[in-house]
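This report walks through one protein chain, starting with a single pair of residues and widening the view from there. Please keep the sequence and the structure side by side while reading.

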Amino acid sequence: MRLQVKGKNVEVTPSIREYAERKLAKLGKQLADQTQVEVELSQQRNPSIAASQVAEATVFTKGPTLRAREASPDMKASIDQLVDKLARQVKRYRERRTVEPRRHTEHNGVEPRGVDQRDDEERDLEGIAEPRDGLG
């Protein structure tokens, strides 16, 4: 995972940068090495907004681009909430990539092609072929 931490209207101190890198390292275990992650930390200057510390992240994956935005009065709390939200999105992204339900489900009681094809060929070779439709 390639991580880039940027600041907008705020200086990114080394301690905040290290904190963001440490928290986002948890996502690195689930993402590919070439996945680019951009984190933008900003501060809203409006005094009527209590949650002025904003953390936004964009994860560029092979499929969809994952985005999250969190705001709170404290920058570290914003980063924590951002990581939680991104972790849920990455988990869902990973599950969708590994499980392809439309290719492996039965439709109207008929198995998809290629599932038991090898078993039928082996039975034919052994001379104990059984009909698959159950009609006899």
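This is a predicted model: local features need pLDDT of at least 70, side-chain atom pairs count only at pLDDT 80 or more; totals for chains, interfaces and linings use all residues.

## A pair of strands

A hairpin joins β3 to β4 through four residues.

Strands β3 and β4 belong to an open sheet of four strands, arranged in the order β1-β2-β3-β4 with mixed pairing. Strand β1 (2-8) and strand β4 stand at the edges and have a single partner strand each, so one side of each is left without a neighbour in the sheet. Neighbouring strands of this sheet are turned by 15° against each other on average, when direction is ignored. Strands of a sheet pair through backbone hydrogen bonds, and this pairing is either parallel or antiparallel.

Besides its four strands, the chain has four helices, and from the N terminus on the elements run β-α-β-β-β-α-α-α. Helix α1, residues 14-28, lies across β1 and β2 (36-43), and it runs at about 140° to β1. Of the 136 residues of the chain, 25% count as buried. Among the contacts with a separation of 6 or more, 49% are between residues 24 or more positions apart.

## The nonpolar core

The largest nonpolar core has 23 residues, and those with the most contacts inside it are Val-39, Leu-41, Ile-79, Leu-82 and Leu-86. At least two residues of this core come from each of α1, β2, β3, β4 and α2 (75-98), and α2 gives the most, with seven residues.

What is Ile-79 in contact with, leaving aside its neighbours within four places in sequence? The residues in contact with Ile-79 are Ile-16, Tyr-19, Ala-20, Lys-23, Leu-41 and Ala-55.

## Salt bridges across the chain

The count of salt bridges comes to five, and one of them is formed by Lys-23 with Asp-80, whose closest N and O atoms are 3.6 Å apart. This pair links distant parts of the chain, since Lys-23 is in helix α1 and Asp-80 is in helix α2, 57 residues apart. Lys-23 is partly exposed, with a relative accessible area of 21%, and Asp-80 also counts as partly exposed, at 26%.

The side chains of Arg-69 and Glu-56 meet in a salt bridge at 3.8 Å, N to O, and this pair links strand β4 with strand β3 across 13 residues. Arg-69 counts as partly exposed at 42% relative accessibility, and Glu-56 is partly exposed at 23%.

Another salt bridge is the one in which the side chains of Glu-70 and Lys-85 meet at 2.7 Å, N to O. It links Glu-70 in strand β4 to Lys-85 in helix α2, 15 residues apart. Glu-70 has a relative accessible area of 16% and is therefore buried, because buried means under 20%, whereas Lys-85 is partly exposed, with a relative accessible area of 26%.

Key:
Residues are numbered from 1 along each chain as its sequence is written. Side-chain values use heavy atoms; hydrogens and water are left out. Buried means under 20% relative accessible area, exposed over 50%, partly exposed in between (1.4 Å probe, protein chains only). Contact means heavy atoms within 4.5 Å. Two strands pair if DSSP finds at least two bridges between them. Axes are lines fitted to C-alpha atoms, for helices over the stretch in contact, and angles run from 0 to 180 degrees between N-to-C directions. A nonpolar core is a set of buried Ala, Val, Leu, Ile, Met, Phe, Trp, Tyr and Cys residues joined through side-chain atoms within 4.5 Å. A salt bridge is a side-chain nitrogen of Lys or Arg within 4 Å of a carboxyl oxygen of Asp or Glu.
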